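Hi,

Here is the structure I promised to pass on. Please open it alongside this email, and my notes follow below.

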Amino acid sequence: MSATEETMVRLAERLPQMLAWVAGLVILLMMIHVMIDVLGKYLFNAPLPGTAEVVAAYYMIGAVFLPIAYVEAAGGSIVVEVIYEKVPERAQKLMLVTADLISAIYYSVLAWFSWDLAVRAWRVNETVDGIWRITTWPAKFLLPFGFCLAVVVLLMRVVRGEHGREADPNSTVEI
């Protein structure tokens, strides 16, 4: 593997972790923002204008779509093991590869459609009207970004032959 390939692999391994931390910070900022809004409303009769719009248009999108690749890399997505546990190990590996490929296709389709929606929102300078007008199109690009990174994580796992679902809680995430 060349130095450039190694760098790209390291980036693809670290980026999901970094985005999971960013998502955690987004949740912290959302909590602080909502807390200030509630305190302002009930203590000073002066809530923060646009809090609901900002929470829905930015915080929630960041909290949900930034860590998708991390969830996939950590093996944290929902798995139903009714049949999986009853088949031989070779069939289990085939099932995991198949599941990763189907998930990658699914995320690719979601990325494609969400990219189109994000570009449309950008072109019309999409906003939400409340007490203030809030521009919402920048957050729309988090969807295709999160989906594409999840596809990269899944395809790297398939190509590298790493299909274990058991995540060690004491280790760092590796694809």
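One cut-off to start with: a residue is called buried under 20% relative accessible area, exposed over 50%, and partly exposed in between. By that scale N125 is partly exposed, because its relative accessible area is 43%. Please keep in mind that this is a predicted model.

N125 sits in the loop between helix 4 (89-123) and strand 1. Its phi is positive, near 55°, although the residue is not a glycine. Most residues other than glycine have a negative phi.

N45 also has a positive phi, of about 55°, and is not a glycine either. You will find N45 in the loop between helix 1 (3-44) and helix 2 (51-65). With a relative accessible area of 69%, N45 is exposed.

Is E72 buried or exposed? E72 counts as buried, because its relative accessibility is 5%. This residue belongs to helix 3 (residues 68-73). Beyond its neighbours within four places in sequence, E72 is in contact with S77, Y107, A150, V153, L154 and R157.

Now for the chain as a whole. The protein chain has six helices and two strands, arranged along the sequence as α-α-α-α-β-β-α-α. Its radius of gyration is 20 Å, whereas a compact globule of 175 residues would have one near 16 Å. Along the principal axes, the C-alpha atoms fill a box of roughly 65 × 35 × 35 Å.

Buried residues account for 34% of the 175 in the chain. Of the contacts with a separation of 6 or more, 71% are between residues 24 or more positions apart. The accessible surface is about 11,600 Å², and carbon and sulfur atoms contribute 68% of that. As for charge, there are 13 positive and 17 negative side chains, with the centres of the two sets 4 Å apart.

A word on confidence before you zoom in. The mean pLDDT of the chain is 89, and 93% of the residues score at least 70. Residues 164-171 have a pLDDT below 50, and beyond near neighbours in sequence this stretch has seven contacts in the model. Where pLDDT is low, the predicted coordinates should not be read in detail.

Best wishes

How values were computed:
Residues numbered from 1 in each chain as written. Predicted model: local features only at pLDDT ≥ 70, side-chain atom pairs only at ≥ 80, totals over all residues. Heavy atoms only, no water. Helix = DSSP H or I, 4+ residues; strand = E, 2+ residues; numbered from the N terminus. Rg over C-alpha atoms; globule rule 2.2 N^0.38 Å. Buried < 20%, exposed > 50% of the residue type's maximum accessible area, 1.4 Å probe, protein only. Contact = heavy atoms within 4.5 Å. Areas by Shrake-Rupley, 256 points an atom, 1.4 Å probe, with all protein chains shown as cover. Lys, Arg positive; Asp, Glu negative; His and termini not counted. Charge placed at Lys NZ, Arg CZ, Asp CG, Glu CD. pLDDT = per-residue confidence, 0-100.
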